[in-house]
Amino acid sequence: TQDPELLRFLRRYLNYLYEGYQTIGRLDSQRWDITGTVEPNTNWGRGQSDGPAYIAQFVLAYVRLNHLKSLEEERKALLLLEGATDYILNQIENTYRFLFLDEKVGEHLDPRSHDLWEEFEGLHLHNYLLYYSVLHEVVKVIENGEEVARVQRGLEVLERLFAELYETWPG
């Protein structure tokens, strides 16, 4: 968009995400109200594992649409994208270890949940599809060979997970 009001809003949102990440140190639990309140009252008691992927989508679109206007903005966007990518890859690695290597190192590391959102073997399929789409975009913009390999490994693990889930899909 070229709408100056919308661009100011998007820039403000990028800064909000950055400030929250700097203050809280997490992207899966953006406990940072736009008024500046840290840990506002919410009914969500735990981090939201889709949050980092949505943040990555926003940052990737912001960059792709050429909205970065300063080196400082570029630095903030890069930090958010790196943090989101690390979170996603760690979630995938944890899932891989737990489901495929049978490393049951602790209940708190079990990637499965048992509420109504997790419809496949305790996994929320939407999150993993979201991770997959984000990593496909991330691999196009990173230049470090080791990071490219790490992201590609995450994509391969997700493809294996999807194949396994497909095999257990009823009908």
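The secondary structure of the protein chain comprises 5 helices and 0 strands, in a model that is predicted. Read from the N terminus, the elements follow the order α-α-α-α-α. Of the 171 residues in the protein chain, 39% are buried. Among contacts between residues at least 6 apart in sequence, 59% join residues at least 24 apart.

## Salt bridges within helices

The count of salt bridges comes to 9.

| Salt bridge | Closest N and O atoms | Helix |
|---|---|---|
| E5 with R8 | 2.0 Å | α1 (residues 4-24) |
| E72 with R75 | 2.6 Å | α3 (residues 71-99) |
| K140 with E137 | 3.2 Å | α4 (residues 125-141) |

In helix α1, E5 and R8 are 3 residues apart, about one turn of the helix. E5 counts as exposed because its relative accessibility is 52%, and the cut-off for that class is over 50%. R8, at 46% relative accessibility, counts as partly exposed.

In helix α3, E72 and R75 are likewise separated by 3 residues, about one turn of the helix. E72 has a relative accessibility of 37% and therefore counts as partly exposed. R75 has a relative accessibility of 39%, so R75 also counts as partly exposed.

In helix α4, the spacing between K140 and E137 is 3 residues, about one turn of the helix. K140 is exposed, with a relative accessible area of 60%, whereas E137 is partly exposed at 28% relative accessibility. Salt bridges that share partners join R64, E137 and K140 into one network.

## Packing of α2 and α4

The axes of α2 and α4 come within 10 Å and cross at roughly 30°. Because angles under 35 degrees count as roughly parallel, α2 is classed as roughly parallel to α4. The crossing of these two helices, α2 and α4, is left-handed.

By residue class, the contact of α2 with α4 divides into 9 nonpolar, 3 polar and 2 charged residues.

V63 lies in helix α2, which covers residues 51-64. At 38% relative accessibility, V63 counts as partly exposed, because buried residues must fall under 20% and exposed ones over 50%. Leaving aside residues up to four places away in sequence, V63 touches L68 and A77. V63 and L78 are 15 residues apart along the chain, and their C-alpha atoms are separated by 9.5 Å.

## Helix α2 in summary

V63 is placed in α2 and touches L68 and A77.

Technical notes
Residues numbered from 1 in each chain as written. Predicted model: local features only at pLDDT ≥ 70, side-chain atom pairs only at ≥ 80, totals over all residues. Heavy atoms only, no water. Salt bridge = Lys/Arg side-chain N within 4 Å of Asp/Glu carboxyl O. Helix = DSSP H or I, 4+ residues; strand = E, 2+ residues; numbered from the N terminus. Buried < 20%, exposed > 50% of the residue type's maximum accessible area, 1.4 Å probe, protein only. Contact = heavy atoms within 4.5 Å. Axes fitted to C-alpha atoms, helices over the stretch in contact; angles between N-to-C directions. Parallel < 35°, antiparallel > 145°, perpendicular 65-115°, else oblique. Left-handed = near helix turned anticlockwise from the far one by under 90°. Nonpolar A, V, L, I, M, F, W, Y, C, P; charged D, E, K, R; others polar.
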